[in-house]
Amino acid sequence: MIFNADEAHNIVKECIEGVLGKADYNHNKVNQWTAAIVEQSLTHLVKLGKTYKYIVTCAVMQRSGAGLHTASSCFWDTTTDGTCTVRWENRTMNCIVNVFAVAIIL
Amino acid sequence: MQRRPPPARQGEPGSPRVRRCPSPAWEPRSSWHHRRPPLLPSRRSSMLSVLNAPFASRRSSLVAAPGGRRPAVGPWMLHSRVSFSGLPLFQPIQEIRYENTYRMQPDEGCKFSACRVRRVLESALAASLGDAAYSAQSGAQLAHSLADLLRSRAKEVVPPRYKLVCHVLLGQRGQQSLLVASRALWDPQSDSFASATFSNASLFAVATVHGLYFE
């Protein structure tokens, strides 16, 4: 059982577009945006019906010219577990979503 | 080439009438012995595991004690089993599988300790980023090395049978705002996470470590 990163990528991209779509950065709404993205992504991933534990992280940043780097390091079984990162941006903000899938052995 | 089977020995534990491979005196045992891990007792069981041997070497088999674990060293060249008729039987390479431990949850007192990991993260971040300045060229490498460092530090304090996911966000400190959120689908009784932040005049860092129990 190998983690299908492409499938996860498509799912997450759709969720982001659905939530952030054409909105501009709004400090008051960022909380509910990130919560919605994360929740919807997780729900759709679970609907795939695979025996994985998922971790979804989402970072939304206002675009102001500052630099941002993300890195992740994982201790897991490389044959069954996997990760997928989706970057999305519009005129006023950047959004980075990471999906980590850890297999459950039944 | 046919080999004569050795005479069957009576009263062997395990399976009756399984022929053992001969162990001639000329076998290169010494060169092979030191490869064996020190934990395994050096006795054979009568059930030999057989691996693929188109170039069957005449070494004695690496056999684990019953109920023990075999090191994952990949397919070994082992003896081929000899059937009753004297013809060698070749079997395909078997994947080394560990026995089931039937453990569904971590032991008592052996859970992922979020506050302990958070303290470790905070001290590691402060130590490595204390007086660093953000630069576009080195930022990526710094984030990468930080992720590895935090993962190894977390691994020291986390109990065994836990898988770790360590995520680091490193950014330049400007006038922007940033929000990081995460959600996970896991077993709430055994899995958890810890996060820590650090900032100085020119940069900020957010580190998160998720620990998932490996059933």
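Student: Which strand of chain B is E1(A) joined to, and how many bridges are there?
Tutor: In this predicted model, E1(A) is joined to strand E4 of chain B, residues 178–185, by 8 bridges. The two strands run antiparallel.

Student: What stands opposite A:Thr57?
Tutor: That is B:Ser182, which sits in E4(B).

Student: Changing topic to the whole interface: how many residues of each chain are in contact?
Tutor: There are 41 residues of chain A in contact with 41 residues of chain B.

Student: And what area is buried between the chains?
Tutor: About 3400 Å², with carbon and sulfur atoms giving 60% of that. On the chain A side, A:Lys53, A:His69 and A:Phe75 lose the most area to chain B, and together they make up 22% of what that side buries.

Student: What does A:Lys53 form a salt bridge with?
Tutor: Its partner is B:Asp191, and the closest N and O atoms are 2.9 Å apart. The rule finds 3 salt bridges across the interface of chain A and chain B.

Student: How many residue pairs are in polar contact across it?
Tutor: The count is 18 residue pairs, with both residues at pLDDT 80 or more.

Student: Which elements of chain A give two or more residues to the side that touches chain B?
Tutor: Helix H2 (30–47) and the strands E1 (52–62), E2 (68–75) and E4 (93–103) of chain A. E1(A) gives the most, with 11 residues.

Student: How do the residues of that side divide into nonpolar, polar and charged?
Tutor: On the side of chain A that touches chain B, 24 are nonpolar, 13 polar and 4 charged.

How values were computed
Residues numbered from 1 in each chain as written. Chains lettered and ligands numbered in written order. Predicted model: local features only at pLDDT ≥ 70, side-chain atom pairs only at ≥ 80, totals over all residues. Heavy atoms only, no water. Contact = heavy atoms within 4.5 Å. Buried area = accessible area lost by both parts, 1.4 Å probe. Salt bridge = Lys/Arg side-chain N within 4 Å of Asp/Glu carboxyl O. Polar contact = N/O pair within 3.5 Å; in protein donor to acceptor, adjacent residues only side chain to side chain. Helix = DSSP H or I, 4+ residues; strand = E, 2+ residues; numbered from the N terminus. Nonpolar A, V, L, I, M, F, W, Y, C, P; charged D, E, K, R; others polar. Pairing = 2+ DSSP bridges.
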